[in-house]
Amino acid sequence: MKTILKMLFVSSALLVFAACKNETATGTSVESSTKSDVQTKNQGQAFIEDDESEPNLLQIAIGSPDHTTLVAAVQAAGLENSLVNAGPLMVFAPTNAAFDALPPGTVEELLKPENKEKLAYILKNHVTPGNYSKDFLKKFKKVGQASGEDAAVEVKGEDVYVGGAKILASVPAGNGIVHVVDKVILPAN
Amino acid sequence: MKKSINILFFLAIAAGLVGCNNGNDRKSGKGQGGLATNAAERVYVAPGEHDEYYAFMSGGFSGQLSVYGLPSGRMLKVLPVFSQNPENGYGYSEETKPMLNTSYGFVPWDDSHHPDISQTNGELDGRWIFINGNNTPRIARIDLKNFATEEIIEIPNSAGNHSSSFITENTEYVVAGTRFSVPIPQKDMPINEYKGNFKGSLTFISVDQETGRMGIKFQLIMPGFNYDLSHPGRDKSHGWFFFTTYNTEEAHSLLEVNASQNDKDFIAAINWKVIEEYVNNGGGKMVPANYAHNVMDENTHMATSTMLKEVLTVNPLDVPGAVYFLPTPKSPHGCDVDPTGEYIIGNGKLSADLTVHSFTKMLDAIKNKKFDGEAYGIPILNFEDILAGVVKQPGLGPLHTEFDEKGNAYTTFFISSEVVKWKVGTWEVLDRQPVFYSVGHGMIPGGNSRKPFGKYFVALNKITKDRYLPTGPELTQSAQLFDISGDKMELLLDFPTIGEPHYAAAIPAELIKNNSRKIYKLAENKHPYAAHSDGDTKVVRDGKEVHVYMNMIRSHFNPDNIEGVKVGDKVFFHITNLEQDFDVPHGFAVIGANNAELLIVPGKTETLVWEPKQVGVWPFYCTDFCSALHQEMQGYVRVSPADSDIELSWSLGED
């Protein structure tokens, strides 16, 4: 009896291993699979090598020493690909100083992985579908942000404020325009 | 000791099992590279085997319709529809030229957008496929036995025929909604008087169930909004049709700003059964119009174009209960109805959320008159009263939604370049996958019908950038095939497409392939210039026109020597392919022809016009490698000076 049992064990063990052997035919996929997970993270239009086209919104932000916080936030929220598509998009880009003006600890808190969605929502509140110069924006009473919320447009003399943030400078991009602003446009929700 | 051995065995087995599980996980891993998974195997269709589905993809600005096999992504054919096709002479031959006739004259190009396969009881039946021409408003019907465009009807009082060509669930109607509102009837007036004066037409074209012939039943003359896309009600909502609108602001300039001012635009809900009854009882107003109706005769192989001079219009205010507006946020683009017919999805392209209306709640709101004002006399239903739910923050820039048979919806997002799967009813996001790049429409075989075949999802992408070998600044668009049979979508394959693929439609191959025509029977060929036998061949002069009654068979033309043609003549080569064997077309090309070749399939007669301008002896030949003696398949035409008195003669095989 015991031998039979043993035999059973052996044969079932063999079966299991045989099944595994079939799997090992694709065994190399262990590495390539993990590799492609990494690829999934770093794939999309944001990661295309292209030094001929006019820089896109993301490239402009990355190239600006005044926007390192914003770039870190975009990366933490995984929004790179949303800034490089055909758009057109307007990005209201708060400066590092604008982020610094938030209550202490806010930025650090938002950059935590568990707050990824919250951070993405706040960042999307800085993006408008469209491509309008500061002057042209004066025609608007409000703009509809990618978050789904509206941001009021106010004109004070020569200055234009969007969602309470003042446009300091504007840089045209291949897929839209970056308006540098002095405040973070916090969503109402 | 024995015990410990047994334990060892157990451990070994357990380890083996664990190893295997890992292996399985790996197999269904998310990697997009073919090698990382068994994706290659799942799209591989071995040589000689057939694909499981036909996919018909709009050719976009090529004006055509392309046919692919799924899952292989192999292109099977490009069907010429709205554009001339030199490859087979469509739009160049005398028989097919009338297909491209319009009230603007001969229009040899269009922008094809949304194919839709005919249905019976809301299920794909594979009889015909319809597609719209966007630029010069037209609807075409392609027969899926012949894989040929058989009919094109022009749409009067329309401009930018975008919200078409979608069909009701028994193919009672194909609709054509205008994207651009225009003065109806057209007239000379200032553009800035658009508001209140321009109108949008929604055209319902009836389809004869035997012949497929189309005829405009009525045009609903609506306020001057932009009517973007549409979808018929299904099952419980059969009898209704839903059209998305944008520019309810009625702006006439800089629409990217001025048409985005209202928080909500509308989905227009049209009870077409009520309007049908109204017009059947004599309702509506017949008004002057001018539009072409072009039909290809299957037996004469000739198209005729008829100009129609009036169209029945209906004012929505004259038919109580026929038209309502459903407020829908932010310039909705795609308008989609789930297979049960209960949910109407507005894909607000500038919205961060997807809005889902309930058909049941809509009927209730109508019954209880829960209105929130009116627009040009058309009642606006109260948004909150008809809302079924909202898919919160699914992505950026929603465009279109398709459905599987398991209660899931798949929405494409242009800006965030992804496909998002969500649950109908709970509105919960289940999965998201990136696409490469910027997807427009998505398509599941039968995914807009009552019976989807939810095995594959095809993303139709606008942009490919670095996805393929570069081909200069003009790059292809692409389709990406996802396996959606599991909980998570899995990218299997991407392949290039022609033109810009807007919408597509796919159907199980079994529903079509056995009906596909192999040859046209010579006995049924009623072409007036057909040369059924060698005894019928001749060359006839009628003033400056010379008609050649020619036939062709492996491997000669009859006649192949023609004399007596003069400079200034207009020579009509009427050529009949006498072959009655599967897949033996012959081509015909003649030097200096100012049009194209002919590709004549077995049993057909086609005509090419040639106007010789130079004296000489000029060859013609077969362009399709038809046989072992294909290179011998040729002939000569002697062209003499205009004042020559050489008589017409023709021959084959004479010294």
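**Confidence, chain A**

I started with pLDDT, since the model is predicted. Chain A averages 81, and 78% of the residues score at least 70.

**The annotated span**

I looked up the UniProt record for chain A. The unreviewed entry puts "domain: FAS1" on residues 54-185. In the model, the end C-alpha atoms of residues 54-185 of chain A lie 27 Å apart, and the span is 30% helix and 29% strand.

**Helix 7, chain A**

Which residues of helix 7 (residues 116-124) of chain A are buried? I get Leu119(A), Ala120(A), Leu123(A) and Lys124(A). Down the helix axis they fall within an arc of 135°, so they line one face of helix 7. Next I checked what covers the buried residues of helix 7, and the cover includes helix 4 (68-77), helix 6 (106-110) and strand 2 (127-129) of chain A.

**Strand 15, chain B**

Over to chain B. Strand 15 (residues 240-246) is mostly covered, with seven of its seven residues buried. I sorted the residues by direction: Trp240(B), Phe242(B), Thr244(B) and Tyr246(B) point one way, while Phe241(B), Phe243(B) and Thr245(B) point the other. In a regular strand the side chains alternate between the two faces of the sheet.

I also looked up the pairing. Strand 14 (residues 226-232) of chain B runs antiparallel to strand 15, with five bridges joining them; His231(B) stands opposite Phe242(B). Strand 16 (residues 264-271) of chain B pairs with strand 15 in the antiparallel sense, again over five bridges, and there Thr244(B) has Ile267(B) as its bridge partner.

**A four-strand sheet, chain B**

Last stop: an open sheet of four strands in chain B, order 26-27-28-29, with antiparallel pairing. Which strands are at the edges? Strand 26 (398-403) and strand 29 (429-434) of chain B each pair on one side only. The twist averages 20° from one strand to the next. Strand 27 (residues 408-413) and strand 28 (residues 418-423) of chain B share six bridges, and I found Thr411(B) partnered with Val420(B).

Terms used:
Residues numbered from 1 in each chain as written. Chains lettered and ligands numbered in written order. Predicted model: local features only at pLDDT ≥ 70, side-chain atom pairs only at ≥ 80, totals over all residues. Buried ≥ 20, exposed ≤ 12 C-beta atoms within 10 Å, placed from the backbone. Helix = DSSP H or I, 4+ residues; strand = E, 2+ residues; numbered from the N terminus. Arc of directions from axis to C-beta. Contact = placed C-beta atoms within 7 Å. UniProt positions renumbered as here; feature names shortened; annotations may be inferred. Pairing = 2+ DSSP bridges. Axes fitted to C-alpha atoms, helices over the stretch in contact; angles between N-to-C directions. pLDDT = per-residue confidence, 0-100.
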